[in-house]
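These are my notebook entries on a structure that I am consulting for the first time. I record what I looked up, entry by entry.

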Amino acid sequence: MTISRRSFLKGAMAGSAASLIGPGLLASSALAAEGAEVGLGVWKTSGSHWGALNALVKGGKVAEIKPFGADRHPTEMLNGIKGLIYNPSRIRYPMARLEWLKHRQDADRTTRGDNRFVRLTWDAALDLFHEELERTQTDYGPWALYAGATGWRQTGQVHSCGNHMQRAVAMHGHFVKKVGDYSTGAGQVILPYVLGSTEVYSQGTSWPLILENSKTVVLWGNDPYKNLQVGWNCETHESYAYLEQLKAKVADGSIRVISVDPVRTKTQNYLGCEQLYLNPMTDVAFMLAMAYTLYNEELYSQEFIDAYALGFDDFIAYVQGEGDDGEAKTPEWAAPICGVDAEQIRDFARLLAADRTQLLFGWAIQRQQHGEQPYWMGAVLATMLGQIGLPGGGISYGHHYSSIGVPSSGASAPGAFPRNVDAGKTPEHDNTDFQGAASTIPVARWIDCLLNPGETIQYNGSEVVFPDIRMCVFSGCNPWHHHQDHNRMKQAFRKLETVVTIDYAWNATCRFSDLVLPACTQFERNDLDVYGSYSNRGVLAMHKLVDPLFHSRSDFDIFTDLCRRFGRDEEYRQELDEMGWVKKLYDECREANTALSAAPGGDEPTSSMPDFATFWKDGYVDFGPGENWVRHADFRQAPEVNALGTPSGFIEISSRKIGRYEYDDCQAHPRWMEKAERSHGGPGSDRYPLWLQSVHPDKRLHSQMCESEALRATYAVQGREPIFIGPEDAEARGIQDGDLVRVYNDRGQLLAGAVVSDDFPSGVVRIQEGAWYGPVGPEIGALDTYGDPNTLTLDVGTSKLAQAPSANTCVVEIERFEGEAPAVTAFGGPITVDV
Amino acid sequence: MKILAALWNTLKRPPVHISLGVIIIVSFLGGIIFWGGFNTAMEVTNTEKFCVSCHEMENNVYQELQQTVHWSNRSGVRAICSDCHVPHNWTDKIARKMQASKEVWGAIFGTIDTPEKFEAKRLELAQHEWSRFKANGSQECRNCHDYDSMDWNAMSDEARRFMEPAAERSQSCVDCHKGIAHQLPQQMGSVDPLLAGLVREATSVRLDEGETYYSAKSVDLYTDAERTEQAGVLQVATEVKVLETRDDSVKLAIAAWRKEKGFGRVLYEDFGQNISSAVLDKDIAQDGAMIETHQSDVVDELTGLPWGQVSVTLWAEKGAYLGKREALWETAGQTYRDACSVCHTEPAPEHFDANTWPAMFSGMVGFTNMSAPTQELVLKYLQMHSSDFVDAAH
């Protein structure tokens, strides 16, 4: 590129204006356009789960990242993007595990996890991939192949990695799929029975209406200020403007915000709001005592229950002590379980009934054993309060996620590269005989499945027979982060003959794989996506910033080449190339929005999407803001016509349908049940007195970006993942802030760095999930050198209903680590072996 | 009368001065001249110039045609008005010409002389043409486009997927290709082209009394044949029996179940199953004279709610029903798979039961671009292909 004096001046002026006004206002004109020359580089548009962004590319390298103009509340994690691209943990070449390469299915599988790998050419690697798919389909059948697990793909609708992997593998043969996920597993199964929708991923009442109408806002195990930093699409963090307003209303006393949480959360500290402490995992006992108070003090709405709900009588009999356990759920009964005074429970119930109350539940309390119960109980409380369907009332299970609560633009969003085999086509191996085993398994039970093929489990009213899985394929999916109890996983992985992983960074799943293929990052290919997540605020161009690093390739190229091995590459990519797909998705989106705006009541702004070339040059199309909306208002207005999706169409306080399943761990109405292990005097707390919570991280998206070194340096302690501990517990164990500690229970052990914080009460510690697993070796029980909490967590289903993960049911002990600490093995890729 | 009688006598009397040969020759020549003139005149009415000589044609449909591939293409072949709208065989042509005289009436009396009037009338006009195409298997299209000459390998996969089965059934082209040369009537504009295709097909389906049909879209229901008193809405893909047709209206019988809680406004496909068939207005739902109840107070053990079996007879528009539900299900299934797999593997329809699907669907549908009518259809498809309707769950 040549620099003229004029372009240099233009760049300098844009730079100085930006520093005066800030990046926000100028982004659309000076920063967003592709190829806008500034000084010695080119600004391009791209986006990520951490935010839409503008990147300065200089000399073929990403030199600088700035938030996209529309993002007024960018996350600090944008600082991690450069470190994600240029990273020692990047997968550089296709690699095969040495022992596996030599012996394949006859390999000594106790070596899996030894991290000793051999470099391959792409041709050799894809031949191996294809051979193993062939072998699995031919020697076994579709029951032996698990390619169902997917994760938080990088943003971009064309290169969505799960779509590519599953389409290509499905064109070759059928495979075992999954149902559910690790974030909301219990919630998404119980709430359809109760409120008639999965709720957890549903758009919620608009923030402006909450700010306008609510008098009390309850954050129940909910930390939106932390969790809204990331979004499913290219975030623009619109929710933060509303949190700012909420903070102001807390300050002027017009809204009371109460955080029901054992820990003082980031949100609480930001808002300056109140906290109601209760012992971990005792929410249901607490809520039952609230129901007792509401009922006996006649603070509940019988009218609402009569018109909108069923099954109150059975439930309230249980609360009153007329159930099978004969125990009244009085505040006095709950107080010792919850660690809260009985009078405080009463006051809290009275407060919620006094005026308009918006309940905002986080996902943490359903990621524990019996996680169905607190969510069900939350819906029951909201029903008793009778404010469901009113602006600023009722219950939400999603306002901490992906800008839920920001009004949706209503525009049509771009589609994606197809995940499925084209209609009318069949796979190379069109064998759908799963030999009596399930073709779909509850996702969090797949390690059980590997360990116990042929076993039958109960799941959501049906029986699931575990298939005998021999081969797994993962793409942009890191089960060695998200699944519980890594030592149990090690055992299970020894059953597998072949594990293929496609990713851009050498995470722990690569370590436990046999064949690893390097995909490029989203910044090394062209794509497009929505910006604004749930607000669906516009379409963002994701310009390729730099060429794929090392030998990495786009998912599109990788799987086109895999399909070429069975002669179906043209069908795979539908005869289009990368830019052809970007343009196709844009044009289809434009057409859909034109049709929308032509329809009666159509919207003007969406009808004016520019042609593709203009969009690509501008970097984005803005759909404009959406309109305020109230969740369940239609149901409240006409319950018959806008019936809920429950069996009866009404809110089901008791569910006869669930009752019929006759599950001991999820019965016909919400109940308090003791956990397998629990701190604060609960089971197992004599040996392991500390509750370990593994919340969503503050400076990562799950395990993504843990490898980004400069960002990690801002939070790691002695190079290890921090463990947060209260001053009382730290002192009792002689632990100082900054100490290296060993955290352990019967399931495993890890090293972490202590952060002593007043935010944590006695008996509660936190390691954020997504810390990369780095065991000292492949053997079971090996010390984890970096500090992945899933080294310690419990791997049981929430109940027979949802069979979801119970990560937050976990107790541990901590000690100061003495002696020489082993080096961190989590980062930096494999041990490369020459053959 | 005298003159007529004289003429009759003259005509009756055998010729005296002219030979039979002359008569034959003159008659023959006269016939040729007349026939030629008639045909020439008729051919004139077949030219583009004649067709667009009235401004209704010129300003509307003619302009639209010029935007399409039938007007301008790389091969330089052009279809003019008569190629598509006038039958090529003589008898049909004459019949069509006689019908067309109505258009002359229209031109003279200004039935469609403004764009607004034309738009208002467009659906009706289009429906006439579509029924003609339906009846003759789109013969005018097939004068040029022949199924037997189609090279499947030269087609895109997607085109082939639709065209090959159509060829096997020798399906009428315009079943799918409505709007290929002119704009579609506004009432038929749709965000979902697949569904719009079926709605269009329904406009040319003949309704026989006593037969069973399925709604291709949601349809307003009325108590009277004139369709002035609205009684509710019939949902998409609902089974109805045609009792009577009158002008543009049809009298439908709907058999259903409903919950005996509230006003009983929602009619459902079957006992205990929340698959909705129709939504009635409150006073209709409560009107014992309108609703015939066959069974009452049948308790659904799963919810404890009492249900009743009912039937209701109401009027609705014609042209909104298909003979079978399969095509609707096919469209819905494809839409479901395409829309949901954007983000995740879509669960098999039989993964949930009919009463669980509304919950699963409503929790996720906000992520898709499905229009409200499409959502209604897709949900019904999922419910009617759920574990309640197939043997092999999982």
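**Entry 1: a buried isoleucine**

I find A:Ile735 buried, because its relative accessibility is 5%, where the cut-off for buried is under 20%. I note at the outset that the model is a predicted one.

I then looked up where this residue sits: A:Ile735 belongs to the loop that runs between α29 (727-732) and β27 (740-745) of chain A. I set aside its neighbours within four places in sequence and listed the contacts of A:Ile735. They are A:Ala730, A:Val741, A:Ala754, A:Val756, A:Ile814, A:Glu815 and A:Arg816. For A:Ile814 I also checked the separation along the chain, which is 79 residues from A:Ile735, while the two C-alpha atoms are 9.1 Å apart.

**Entry 2: an annotated domain in chain A**

I consulted the UniProt annotation, an unreviewed entry, which gives "domain: Molybdopterin dinucleotide-binding" for residues 690-810 of chain A. In the model, I find this span of chain A to be 21% strand and 9% helix. The C-alpha atoms at the ends of residues 690-810 lie 8 Å from each other.

**Entry 3: a sheet in chain A**

In which order do the strands of the open sheet stand? I read the order as β21-β22-β23 in chain A, three strands with antiparallel pairing. At the edges I find β21 (527-531) and β23 (620-622) of chain A, each of which pairs on one side only. Neighbouring strands of the sheet are turned against each other by 20° on average, direction ignored.

Opposite A:Gly538 I find A:Asp622, in β23(A).

**Entry 4: chain B as a whole**

I counted 14 helices and ten strands in chain B. Its C-alpha trace spans about 100 × 60 × 40 Å along the principal axes. I noted a radius of gyration of 28 Å for chain B, whereas a compact globule of 394 residues would have one near 21 Å.

Of the 394 residues in chain B, 41% are buried.

**Entry 5: an annotated span in chain B**

UniProt, in an unreviewed entry, places a "transmembrane region" at residues 20-38 of chain B. How much of this span is helix, and how much is strand? I find residues 20-38 of chain B to be 100% helix and 0% strand, with the end C-alpha atoms 26 Å apart.

Definitions and conventions: Residues are numbered from 1 along each chain as its sequence is written. Chains are lettered from A and ligands numbered from 1 in the order in which they are written. This is a predicted model: local features need pLDDT of at least 70, side-chain atom pairs count only at pLDDT 80 or more; totals for chains, interfaces and linings use all residues. Side-chain values use heavy atoms; hydrogens and water are left out. Two strands pair if DSSP finds at least two bridges between them. Helices (H or I, at least four residues) and strands (E, at least two) are DSSP runs, numbered from the N terminus. Axes are lines fitted to C-alpha atoms, for helices over the stretch in contact, and angles run from 0 to 180 degrees between N-to-C directions. The radius of gyration is taken over C-alpha atoms; the globule rule is 2.2 Å times the number of residues to the power 0.38. Buried means under 20% relative accessible area, exposed over 50%, partly exposed in between (1.4 Å probe, protein chains only). UniProt positions are given in the numbering used here, feature names are shortened, and annotations may be inferred rather than shown by experiment. Contact means heavy atoms within 4.5 Å.
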